[in-house]
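Dear colleague,

I am passing on the structure below, together with some notes on what came out of going through it. Please read them alongside the coordinates.

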Amino acid sequence: MARVQLIIPDEDRDRFVHQARLEGMTLSGWLRAAAEERLEQRARLKPFTSSGEVREFFLDRDESGVDDREPDWEDHLKTLRDSKMPEVQ
């Protein structure tokens, strides 16, 4: 098994150790798991290799019937106003 030396700021080390302990892992095990997770995420990404693939992607998206449009700006503002806590007087 290979040994890897990693130089990181003390604050990062403290955060990583804390999270590893929360997850019941050693720092070394937690770092390996984080690296594996990142590799798996990258492996799932399939870049487009042609403009035809890009066109096909967006055509499929348009035909999916899902309406992912952003709400109107007034709807955003209403949501913000509605979520504000009333001022205490």
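Rings of Phe, Tyr and Trp (its six-membered ring) are taken as a pair if their centres lie within 6.5 Å, with planes under 30 degrees apart called stacked, over 60 edge-to-face and the rest tilted. By this rule there are three aromatic pairs. In one of them, F16 with W30, the ring centres are 5.4 Å apart and the planes stand at 35°, so the pair is tilted. This pair joins distant parts of the chain, with F16 in helix α1 and W30, 14 residues away, in helix α2 (residues 27-44). Ring pairs also link F48, F57 and F58 into a cluster.

On the basis of these notes: this is a predicted model, in which local features need pLDDT of at least 70 and side-chain atom pairs count only at pLDDT 80 or more, while totals for chains, interfaces and linings use all residues. Residues are numbered from 1 along each chain as its sequence is written, and side-chain values use heavy atoms, with hydrogens and water left out.

Helices here are DSSP runs (H or I, at least four residues), numbered from the N terminus. The axes of α1 and α2, which are lines fitted to C-alpha atoms over the stretch in contact, with angles running from 0 to 180 degrees between N-to-C directions, come within 9 Å and cross at roughly 90°. That makes α1 roughly perpendicular to α2, a term that covers angles of 65 to 115 degrees. Where the two helices are in contact (heavy atoms within 4.5 Å), F16, V17, Q19 and A20 of α1 meet L27, W30 and L31 of α2. The residues of this contact divide into six nonpolar, one polar and no charged, with Ala, Val, Leu, Ile, Met, Phe, Trp, Tyr, Cys and Pro counted as nonpolar, Asp, Glu, Lys and Arg as charged, and the others, Gly among them, as polar.

Two residues of that contact are buried (under 20% relative accessible area, with a 1.4 Å probe and protein chains only): V17, which lies in helix α1 (residues 10-22), has a relative accessible area of 11%, and W30 has 16%.

α1 is followed by G24, whose phi is positive, near 70°, and just after α3, G65 takes a positive phi of about 80°.

Terms used: Buried means under 20% relative accessible area, exposed over 50%, partly exposed in between (1.4 Å probe, protein chains only). Angles under 35 degrees count as roughly parallel, over 145 as roughly antiparallel, 65 to 115 as roughly perpendicular and the rest as oblique.
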